[in-house]
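Hello,

Here is the structure we discussed handing over. My notes follow below it.

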Amino acid sequence: MRVQGAKKIHYDSGPNMTPLVDVVMVILIFLMLAGSFGGMEHYLASTLPIKPSGGAQVDTKKTAFDDVQLDVRVDAPSNSNAWTARFGDVSTGSPEKLKEAMTAKFKQYEAQGTSKDKLQVNIDPNKHVKWKSLIAVYQAAADSGYTKIGFKTSHGG
């Protein structure tokens, strides 16, 4: 005796995903139509003053470019924990000496009437400087009284 059910092809393909895909597409289209992607701003906003033409007034908003930029270049040979920081005419591998030089410069600017909010320290490491060394340089700058401390991308060799 032959069983008819054995000859029928049976596809076990799981649940039908078509309604789910339809719902997701409707939600996606709704979000694309309802969202704003940049609005009416066609150019990048800038705070730089515009050069006047014909005697117009210049916008005198203060920007980050008004700050006094102080650079600390940090170099290290490859595969070494030693480092050398150059701040002005001082070149040292000691966090204490770097802190002394930075404190002296900070006091000099303070005596001239420059507020600490106008002083920007930029730490400029090379690609071989270890994080531990950068932390020591950052800590020396922070201990010297500087509040605006930033990092530049690493320079070559």
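Strand β2 (residues 84-87) and β3 run antiparallel, joined by three bridges. Phe87 has Val90 in β3 as its bridge partner. Strands here are DSSP runs of E of at least two residues, helices are runs of H or I of at least four, and both are numbered from the N terminus. Two strands pair if DSSP finds at least two bridges between them.

This is a predicted model: local features need pLDDT of at least 70, side-chain atom pairs count only at pLDDT 80 or more, and totals for chains, interfaces and linings use all residues. Residues are numbered from 1 along each chain as its sequence is written, and side-chain values use heavy atoms, with hydrogens and water left out.

The sheet: five strands, open, mixed pairing, in the order β3-β2-β1-β4-β5. β3 (90-92) and β5 (148-151) are at the edges with a single partner strand each, so one side of each has no neighbour in the sheet. On average, neighbouring strands are turned by 20° against each other, direction ignored. Axes are lines fitted to C-alpha atoms, for helices over the stretch in contact, and angles run from 0 to 180 degrees between N-to-C directions.

Helix α2 (residues 95-111) lies across β1 (68-75), β2, β3 and β4 (119-125). The helix runs at about 15° to β2.

Next, the core. The largest nonpolar core has 23 residues. Such a core is a set of buried Ala, Val, Leu, Ile, Met, Phe, Trp, Tyr and Cys residues joined through side-chain atoms within 4.5 Å. Buried means under 20% relative accessible area, exposed over 50%, partly exposed in between (1.4 Å probe, protein chains only). Among the residues with the most contacts inside the core are Phe87, Met102 and Tyr146.

Tyr146 is buried, at 3% relative accessibility. Leaving aside residues up to four places away in sequence, Tyr146 touches Leu70, Phe87, Met102, Lys105, Phe106, Leu119, Val121 and Ala141. Contact means heavy atoms within 4.5 Å.

How many aromatic pairs are there? The count is two. Rings of Phe, Tyr and Trp (its six-membered ring) pair if their centres lie within 6.5 Å; planes under 30 degrees apart are stacked, over 60 edge-to-face, the rest tilted.

- Phe106 and Tyr146 are edge-to-face, 5.2 Å centre to centre, with 75° between the planes. Phe106 is buried at 9%.
- Tyr138 and Phe151 have ring centres 6.1 Å apart and planes at 15°, so this pair is stacked. Tyr138 is partly exposed at 35%, and Phe151 is partly exposed at 47%.

Best regards
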